[in-house]
Amino acid sequence: MVARTMNREQLDSLILSSLPVALFTKDLDSRFTFVNPKLCELLNLPLDTAVGQTDQELLSPMLAAQYEQEDRQIMATGKPSAYFELLTQPSGKQIPVRVTKTLLFGTNGEPIGILGILDELHSTSIDAPEEKRLQEMKRTLAVLDAKISHSAPSTVPASRLFISYKHSSPEHVEWVEQLYRDLVEVHGIECLLDKYDLAFGDSISAYMDRIATEATHVLLVLDSATTKAIRDRIGGVAFESELASALRNERRLRLIPVLREGSDLPACVRDCLYVDFRLNELYRDALLRLANSIKGIHGKPTPGSRNGG
């Protein structure tokens, strides 16, 4: 009887508000147009005032930057996004969630915003590989939190470069190793590379933690396989890029994309100025510009450096 007294809009709102998953919609400016109680519970959002606000106004700067970046990518490509992540609540508690986002279309078939669902996961709803990955992420983030809060800035060298890449082919690995040698031997830049800094038996997650505890710069070497892995959030290079992007948003390091082929950049570095290494004949010039940027040498003329007359 109650349902008969409601119009369609009221009934739809009641159904969406009663769902056991967190749900929201945003307009094309990434402002919330609807949030249900479960989302407000997960993110500690004010149910009565969240609508009309943006991520930047409601969430932490790091989380807001990540979500707005994802929104822009979905709007630009039209492709939905689905992934697992550990959501850090305001209390500090971390819970695993499955995030699904897609374009929201109006009655005329035109996109009007973003529809998002955050589904809290429990051990019975996660298959073994995903559960293991989430637990590894949780342990890694706990270690990072401890190290970041206790690390002294004075222990970090003037510039230390972490090279992040995917072992996509022997040729690509060899190219990365040559870049490493040139940066170290020719330009005197201290670098971290898995081949030389990760031994058999070492913890892979502990090595990746060094992005947060030691690196001042992260070099993200991009070929098509690496870009796809980052976009699909698969493998170590995806974790490294997400971590570096988050730390960059907190102004802890510089994230430098190196483009080896193609023109497609992953969302985490789409707004960054990249170093173009696609032409072998321009390798030395690109290397010099990269090294100078890391060292803070930009070749900018100083006022009065040229005499008049």
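Reader: Where is His172 found?

Author: His172 lies in helix α6, helices (H or I, at least four residues) and strands (E, at least two) being DSSP runs numbered from the N terminus. This is a predicted model, in which local features need pLDDT of at least 70, side-chain atom pairs count only at pLDDT 80 or more, and totals for chains, interfaces and linings use all residues. Residues are numbered from 1 along each chain as its sequence is written, and side-chain values use heavy atoms, with hydrogens and water left out.

Reader: Is His172 buried or exposed?

Author: Buried means under 20% relative accessible area, exposed over 50%, and partly exposed in between (1.4 Å probe, protein chains only). His172 has a relative accessible area of 1% and is therefore buried. Leaving aside residues up to four places away in sequence, His172 touches Tyr165, Lys166, Val221, Asp223, Thr226 and Arg260, where contact means heavy atoms within 4.5 Å.

Reader: Which residues of β6 are buried on each side?

Author: In a regular strand the side chains alternate between the two faces of the sheet. On one side of β6 these are Arg160, Phe162 and Ser164, and on the other Leu161 and Ile163. Five of the five residues of β6 (residues 160-164) are buried, so this strand is largely enclosed by the rest of the structure.

Reader: How many bridges join β6 to β8?

Author: Two strands pair if DSSP finds at least two bridges between them. β6 and β8 (residues 217-222) run parallel and are joined by four bridges; Leu161 has His217 as its bridge partner in β8. With β7 (residues 190-192), β6 pairs in the parallel sense over three bridges.
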